[in-house]
Amino acid sequence: MQESYVMIMAYAVLLVLLMCLELAAAIVGFVKKDDVVDMISKNTVDAFMNYGKKTDVTNAIDLLQVKLECCGLETNEAEGNANEESKVAQEGTGNGVLFWKKNFDGVIPKSCCTDEFKDACETGGHVVKDTEVHGKGCKNAMIGLITENLHIIGGVGGGVAALQILGIILACILASALNKKNYESV
């Protein structure tokens, strides 16, 4: 097996460059956190508008609504004006129900409903009450999940960085030993 000082040093340099790129991405993500939240918000709205049109989007939203125990979007933003919201509040259909009623002819996916009312949801004419659906909108649930777990994301990033630093150090030690061996054999 050919031992190459140059290749090991190239490996160490590539690890340093990769780590610098990861560090830059982390700094940009931290500084532009509000932009990331806006991007998540916009993409969530776009995804919900494609519900039922694309199988993978529909499956992802159903999974999201089940796992995060959320329903639709948020009534205070993308779902309508104040008159509609007050009407919905009087009917007891707040949360994400208005989104489904306005955009999908009142058909509320089973994934939106609590376990007790899953069968009643997809009947179209069924007026769903707040107690029958998950109590929060998915957009804010996703944003909350990400912001609550930033320390975990940072910890994983720190662990990866530590492994890369170890790899850089070991590659430099190995390259130094190979260089010394090649120097002594001349």
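## Packing of H2 against H7

Helices H2 and H7 pack with an angle of about 145° between them, and their axes are 10 Å apart. Axes here are lines fitted to C-alpha atoms, for helices over the stretch in contact, and angles run from 0 to 180 degrees between N-to-C directions. The model is predicted: local features need pLDDT of at least 70 and side-chain atom pairs count only at pLDDT 80 or more, while totals for chains, interfaces and linings use all residues. Residues are numbered from 1 along each chain as its sequence is written, and side-chain values use heavy atoms, with hydrogens and water left out.

The crossing of H2 past H7 is right-handed; a crossing is left-handed if the near helix is turned anticlockwise from the far one by less than a right angle, and right-handed if clockwise. On the H2 side, the contact is made by Val-37, Ile-40, Ser-41, Thr-44, Val-45 and Phe-48, and on the H7 side by Cys-138, Lys-139, Met-142, Ile-143 and Ile-146. Contact means heavy atoms within 4.5 Å. The residues of this contact comprise eight nonpolar, two polar and one charged. In this classification Ala, Val, Leu, Ile, Met, Phe, Trp, Tyr, Cys and Pro are nonpolar, Asp, Glu, Lys and Arg are charged, and the others, Gly among them, are polar.

## Individual residues

Buried means under 20% relative accessible area, exposed over 50%, and partly exposed in between (1.4 Å probe, protein chains only).

| Residue | Relative accessible area | Class |
|---|---|---|
| Thr-44 | 5% | buried |
| Ser-41 | 17% | buried |
| Glu-22 | 33% | partly exposed |
| Glu-69 | 49% | partly exposed |

Thr-44 is placed in helix H2, which covers residues 33–49. Its side chain reaches the backbone oxygen of Ile-40 at 2.6 Å. Leaving aside neighbours within four places in sequence, Thr-44 is in contact with Leu-73, Lys-139 and Met-142. Ser-41, also found in helix H2, touches Lys-139 and Ile-143 when residues up to four places away in sequence are not counted.

Glu-22 lies in helix H1 (residues 5–31). Glu-22 and Val-160 are 138 residues apart in sequence, and their C-alpha atoms are 9.7 Å apart. Glu-69 belongs to the loop between H3 and helix H4 (82–91), and its phi is near 50°, a positive value in a residue other than glycine.

## The nonpolar core and the fold

In soluble globular proteins, nonpolar side chains tend to be buried together. A nonpolar core is a set of buried Ala, Val, Leu, Ile, Met, Phe, Trp, Tyr and Cys residues joined through side-chain atoms within 4.5 Å. The largest such core has 19 residues, and Phe-48, Leu-64, Cys-70, Phe-99 and Trp-100 have the most contacts inside it. Two or more of its residues come from each of H2, helix H3 (55–67), helix H5 (97–103) and helix H7 (138–148). H3 gives the most, with three residues. Apart from this core lies another, of five residues, among them Ile-8, Ala-12, Ala-171 and Ala-175.

The protein has eight helices and zero strands; helices (H or I, at least four residues) and strands (E, at least two) are DSSP runs, numbered from the N terminus. Buried residues make up 30% of the 186 residues.

Technical notes. A polar contact is a pair of N or O atoms within 3.5 Å; within protein, one must be able to donate a hydrogen and the other to accept it, and residues adjacent in sequence count only if both atoms are side-chain atoms.
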